[in-house]
Amino acid sequence: MWSIDKGTGMVRCAVGALGGGYWVVRCGAQALDARRLAWHDGRALDADSGLELKLHADDGTVQLEVTNTSPIPRTVDDLFLRFDHAALEAEDYLEYVHSKWLYEAQSAVKCVGLKTDFVAANPESSLVYLLNKQGSGTSFLFAALPPQQEDYVYFKALHLAPDLRGAFGVEIRSEQGRVLPPGASLRSSRILFDQGEDPLSLLENLGDRYAALRPRPLKSRPVGWNSWDEIGTKVTAPAIEDNQRIAGEAFGDKVRVYIIDDGWQKSWGDWRFTSTFLATGEEFCSRITAAGGVPGIWLAPLYADQSVMEQHPDWFAKMPDGTLVESVNDRYTLGCLDITVPEVERHLFDLYRSLWTMGFRYFKVDFTQMVQRCTGFHDRTVGRGAIIRKTFEVIRRAVGDDSYVLACAPPYE
């Protein structure tokens, strides 16, 4: 459990050796240290920036709210909760590090701070972070709880020595990356602290808590066949129909979903069927459905190639260097569509609604995580954690609640 001193803004947990934590708000090159503000009843106002800070503590969690009381927009990059006067000893602890998404760093259990063959030194842990004191039966867990507040939350050891040994604390970072208009507020996601003897039991308890906070029940997981795993990009309607027939002979009605993966489209961004697919979308769906199956389709909806960039340069999010190109490989030069552009939102909705109208009911949504490498968006008031969520909200609205939507390798939030 957290405890909050509403007269100073300091945050503490049950780990006495962790010391007191304080908030820092990073706004570009400026850093607002909450310790220098005058706090009253859990609130403090920075007269220079016009940013008001407010603490929330509820159900074992802590959360910071920031309101722009000034007459001009303010950029808020990150909210930090720093415990940098701790007396934890790095040599005593293992850290459980969680990767943000599948193709990034690996998740790992390792000695605090030190690198391994798979994980860099002192990595940030996304969503959840656990410390286990070796040989003592003591574990501490930090985690972000839903509903997500348009941010991503990261945890990492805060080492007091450059060699990453000896005393360390913990830094919690809420990545915002947004502009806060006058009168508007933002919050960090709720940060949970828990402790116990067994690290795996703490993680199981966290999973139960996530499940209890889920607003809707999960759909049952379907069993199906995906063209990518057998024929790669050489996908055709007859090949999929042959596999449906063979699967039916071997497994009866146990294999239901038949998914068209990469190769059916004219290009990434031009999501029309090629003539080499040997059927229209409507024809394919009709045949799969008539044989007792469920038609599925793969798209990378936020990726688009050079031809789309030339037609609609204002549709794309920008990389940190200001360019539109996010990825170059031996097949494509790709950029990421900016879902905060109203025309892109309409385009995405119309695209998925047209596929739903054809008869598709299973949608594999891939590569949305790549947009996180972009930093320039049309609507700068949208938080970093809302970009991909907004994408899936549009898709769900287009295909309805009954369709199955598979998120392939996005952040777990």
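This is a predicted model: local features need pLDDT of at least 70, side-chain atom pairs count only at pLDDT 80 or more; totals for chains, interfaces and linings use all residues.
We can begin with the largest pocket, which has a volume of about 1900 Å³. Its lining is made up of 37 residues, and R214, L218, R389, Y412 and E413 are the ones that lie nearest its centre. Several elements each supply at least two residues of this lining: the strands β14 (138–145), β15 (152–159) and β28 (404–408), together with the helices α1 (199–213) and α7 (386–399). Of the contributors, α7 gives the most, with 6 residues. Sorted by class, the lining of the largest pocket holds 24 nonpolar, 9 charged and 4 polar residues.

As a reminder, strands of a sheet pair through backbone hydrogen bonds. Between β12 and β15 the antiparallel pairing runs over 2 bridges, and S125 stands opposite F155 in β15.

Next come the charged pairs. Side chains of opposite charge can pair when their charged atoms come close, and a search of the whole structure finds 24 salt bridges. One of them joins the side chains of D78 and R173, with 2.9 Å from N to O. Because D78 lies in strand β9 (residues 74–89) and R173 in strand β16 (residues 167–180), this pair ties together parts that are 95 residues apart in sequence. D78 is buried, with a relative accessible area of 3%, and R173 also counts as buried, at 15%.

A second salt bridge links the side chains of D401 and R216 at 3.3 Å, N to O. D401 sits in the loop between α7 and β28 and R216 in the loop between α1 and β19 (224–226), so the contact ties together parts 185 residues apart in sequence. Here D401 counts as partly exposed at 46% relative accessibility, and R216 is partly exposed at 47%.

Since E241 lies in helix α3 (residues 237–251) and R287 in helix α4 (residues 281–290), parts that are 46 residues apart in sequence are tied together. E241 counts as partly exposed at 22% relative accessibility, as does R287 at 38%. Finally, salt bridges that share partners join R26, D77, D78, E124 and R173 into one network.

Technical notes:
Residues are numbered from 1 along each chain as its sequence is written. Side-chain values use heavy atoms; hydrogens and water are left out. On a 1 Å grid over the protein atoms alone, a cavity is a set of points where a 1.4 Å probe fits but cannot get out, and a pocket is an open set with protein on both sides within 12 Å along at least five of seven lines; lining residues have an atom within 4 Å of a point. Grid points are joined across faces, edges and corners, and a volume is the space filled by probe spheres set on the points. Helices (H or I, at least four residues) and strands (E, at least two) are DSSP runs, numbered from the N terminus. Ala, Val, Leu, Ile, Met, Phe, Trp, Tyr, Cys and Pro count as nonpolar, Asp, Glu, Lys and Arg as charged, and the others, Gly among them, as polar. Two strands pair if DSSP finds at least two bridges between them. A salt bridge is a side-chain nitrogen of Lys or Arg within 4 Å of a carboxyl oxygen of Asp or Glu. Buried means under 20% relative accessible area, exposed over 50%, partly exposed in between (1.4 Å probe, protein chains only).
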